[in-house]
Amino acid sequence: MKIFVSYTTRDSFINRKSLSIINTQLSQSYSPFIDIIHNTLVKSQKQKRVKLEIAQCDLFILIQTKSIYKSAWVKREINQAKRLNKKIKILYIKDTYSLKATLNKKYLIKN
């Protein structure tokens, strides 16, 4: 199952390290795409890759934090996922404590 993970790093606890942990956990059972980790294209091509990954994903995970809707890019990702009728799973993360609690779960998602 291919998973697209949407997030913003405007909330300091969502960063490369926490996203790497999420990637490691999801990679045990799924094929995740997390832009900051997997998108190695040149800057001018990055958004094309993001659109392609959303189009190809089986599940769209939104890491919902306080600042998520302040991000124009995240809004675009959500809108594209909705237009394509992608299954959307929301992970509510309100602070460092809830992020750690989520990461400590054996599986981030269940079918």
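A nonpolar core is a set of buried Ala, Val, Leu, Ile, Met, Phe, Trp, Tyr and Cys residues joined through side-chain atoms within 4.5 Å. The views below come from a predicted model.

**View 1. The largest nonpolar core has 16 residues.** The residues with the most contacts inside this core are I3, V5, Y7, I14, L19, L26 and I63. Three elements, β1, α1 (16-27) and β3, each supply at least two residues of the core. Another core, of eleven residues, lies apart from this one, and C57, F60, V74 and A81 are among its members.

**View 2. Two residues of the largest core, I14 and L26, are shown with their surroundings.** With neighbours within four places in sequence left aside, I14 is in contact with Y7, T8, T9, L19, I63, T65 and L99. L26 is found in helix α1. Its relative accessible area is 2%, and a residue under 20% counts as buried, so L26 is buried. From the C-alpha atom of L26 to that of K2 the distance is 10.0 Å, and the two residues are 24 places apart along the chain.

**View 3. Helix α3 (residues 46-56) has buried residues and exposed ones.** The buried residues of α3 are V50, E53 and I54. They lie on the same side of the helix because they cover an arc of only 100° around its axis. Residues three or four places apart in an α-helix point the same way, because such a helix has 3.6 residues a turn. K48 and K51, on the other side of α3, are exposed. The cover over the buried residues of α3 includes two helices, α2 (35-38) and α4 (72-83). It also includes the strands β1 (2-6), β2 (31-34) and β3 (59-64).

**View 4. K2, R49 and E53 form a network of salt bridges.** Side chains of opposite charge can pair when their charged atoms come close. How many salt bridges does a search of the whole structure find? The search finds two. One of them joins K2 and E53, with 3.6 Å between the closest N and O atoms. This pair links distant parts of the chain, since K2 is in strand β1 and E53 is in helix α3, 51 residues apart. E53 also forms a salt bridge with R49, and here the closest N and O atoms are 2.9 Å apart. Both R49 and E53 belong to helix α3, where they are four residues apart, about one turn of the helix.

**View 5. The three residues of the salt-bridge network are shown with their accessibility.** Is E53 buried or exposed? E53 has a relative accessible area of 10%, which is under the 20% limit, so E53 is buried. K2 has a relative accessibility of 28% and therefore counts as partly exposed. R49, at 21%, also counts as partly exposed.

**View 6. T9 and S67 each lie in a loop.** T9 is in the loop between β1 and α1. Its relative accessibility of 42% falls between the limits of 20% and 50%, so T9 counts as partly exposed. Apart from neighbours within four places in sequence, T9 is in contact with I14 and N15. T9 and I93 are 84 residues apart in sequence, while their C-alpha atoms are 12 Å apart in space. S67 is in the loop between β3 and α4. At 9% relative accessibility, S67 counts as buried. Which residues is S67 in contact with, leaving aside neighbours within four places in sequence? They are T8, R10 and D11. From S67 to T96 the separation is 29 residues in sequence and 14 Å in space, C-alpha to C-alpha.

**View 7. I88, I90 and Y92 make a nonpolar surface patch.** The area of this patch is about 280 Å². I90 belongs to strand β4 (residues 87-92). Because its relative accessibility is 30%, I90 counts as partly exposed.

**View 8. N85 has a positive phi although it is not a glycine.** The phi value of N85 is about 60°. N85 is located in the loop between α4 and β4. The relative accessible area of N85 is 69%, which is over the 50% limit, so N85 is exposed.

Note on methods. Residues numbered from 1 in each chain as written. Predicted model: local features only at pLDDT ≥ 70, side-chain atom pairs only at ≥ 80, totals over all residues. Heavy atoms only, no water. Buried < 20%, exposed > 50% of the residue type's maximum accessible area, 1.4 Å probe, protein only. Arc of directions from axis to C-beta. Contact = heavy atoms within 4.5 Å. Patch = residues over 30% accessible without salt bridge, like charges linked within 9 Å, V, L, I, M, F, W, Y side chains within 5 Å. Areas by Shrake-Rupley, 256 points an atom, 1.4 Å probe, with all protein chains shown as cover. Salt bridge = Lys/Arg side-chain N within 4 Å of Asp/Glu carboxyl O.
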